Amino acid sequence: MLKRKDLKGKWHSPVIETIENPDGSVMYIEREAIFIDDNWDIFIRSFLDEEGKVPFFTIHAKGNYTLGDESLDLEGAVHVDFNNRARYVTAHMQSLVDMLNETSPFDGEWMIDLEHDVSSKGCVLVPSVETCPVEYDVIKIQGNEIYFGDFTEEQKEDIKKFAHGDMNPSEGSVGICSTENRPRQLIKYPLVKE
């Protein structure tokens with residue numbers, strides 16, 4: 001069974017990852033995760049290109065975590081609850097800064113390449129800590145690689161219906177902030193240990 005000592009250290013994407021969103025669009029991202037004792041930090045850097053040369057935004061979240069039971073859906077994977085203490089967003093393009101200034105509540109003005117604390121109010125890119133205090137995930141370590149959870153096609157379809165208003169939140173849990181919707185497969189891109 002996975003232990004905290006197995007996670008300890010810094011993990012990063014070896015390549016730019018192409019991620020398909022529930023709405024069918026794609027994102028190019030690079031991830032970095034840091035585990036120290038029961039604390040975690042994650043950085044998700046989004047780019048507009050496959051080579052990772054044109055930065056779009058960065059999400060930084062941190063908190064503590066709890067390792068749970070082994071997954072019944074994924075052999076060798078373990079449930080992990082990521083308790084959120086803080087969330088930050090950095091916009092790297094003026095068009096995104098302009099959109100965030102119009103759509104996202106923030107005490108002050110969004111500025112390019114400046115990290116903004118969105119823990120209390122969230123923004124269009126991430127929910128507030130109050131809205132999503134815990135992210136329910138799965139992880140699996142193989143050698144020097146760590147795999148996090150990913151949604152199945154059925155889970156993605158439910159998220160898509162919810163996003164388009166075709167599903168009421170009371171009809172079922174949506175997203176990683178719900179124990180009922182813990183990912184049931186692993187993302188195809190591992191992070192590697194430094």
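Q: Why is phenylalanine 35 called buried?
A: In this predicted model, phenylalanine 35 has a relative accessible area of 2%, and because buried means under 20%, phenylalanine 35 is classed as buried.

Q: What makes tyrosine 65 buried or exposed?
A: The relative accessible area of tyrosine 65 is 1%, which falls under the 20% cut-off, so tyrosine 65 is buried.

Q: How many aromatic pairs does a search of the whole structure find?
A: The search finds 6 aromatic pairs.

Q: Why is the pair of phenylalanine 35 and tyrosine 65 called edge-to-face?
A: The ring centres of phenylalanine 35 and tyrosine 65 are 5.4 Å apart, within the 6.5 Å required of a pair, and their planes stand at 85°; because angles over 60 degrees count as edge-to-face, the pair takes that name.

Q: Why is this pair said to tie together parts that are apart in sequence?
A: Phenylalanine 35 belongs to strand E3 (residues 26-36) and tyrosine 65 to strand E5 (residues 55-70), so the pair joins parts 30 residues apart in sequence.

Q: What makes tryptophan 40 and phenylalanine 82 a pair, and why is the pair edge-to-face?
A: Their ring centres lie 5.2 Å apart, within the 6.5 Å limit, and the planes are at 70°, which is over 60 degrees, so the pair is edge-to-face. Tryptophan 40 lies in strand E4 (residues 39-47) and phenylalanine 82 in strand E6 (residues 78-91), 42 residues apart.

Q: Why does tryptophan 40 count as buried?
A: Tryptophan 40 has 4% relative accessibility, under the 20% cut-off, and therefore counts as buried.

Technical notes. Residues are numbered from 1 along each chain as its sequence is written. This is a predicted model: local features need pLDDT of at least 70, side-chain atom pairs count only at pLDDT 80 or more; totals for chains, interfaces and linings use all residues. Side-chain values use heavy atoms; hydrogens and water are left out. Rings of Phe, Tyr and Trp (its six-membered ring) pair if their centres lie within 6.5 Å; planes under 30 degrees apart count as stacked, over 60 as edge-to-face and the rest as tilted. Helices (H or I, at least four residues) and strands (E, at least two) are DSSP runs, numbered from the N terminus. Buried means under 20% relative accessible area, exposed over 50%, partly exposed in between (1.4 Å probe, protein chains only).
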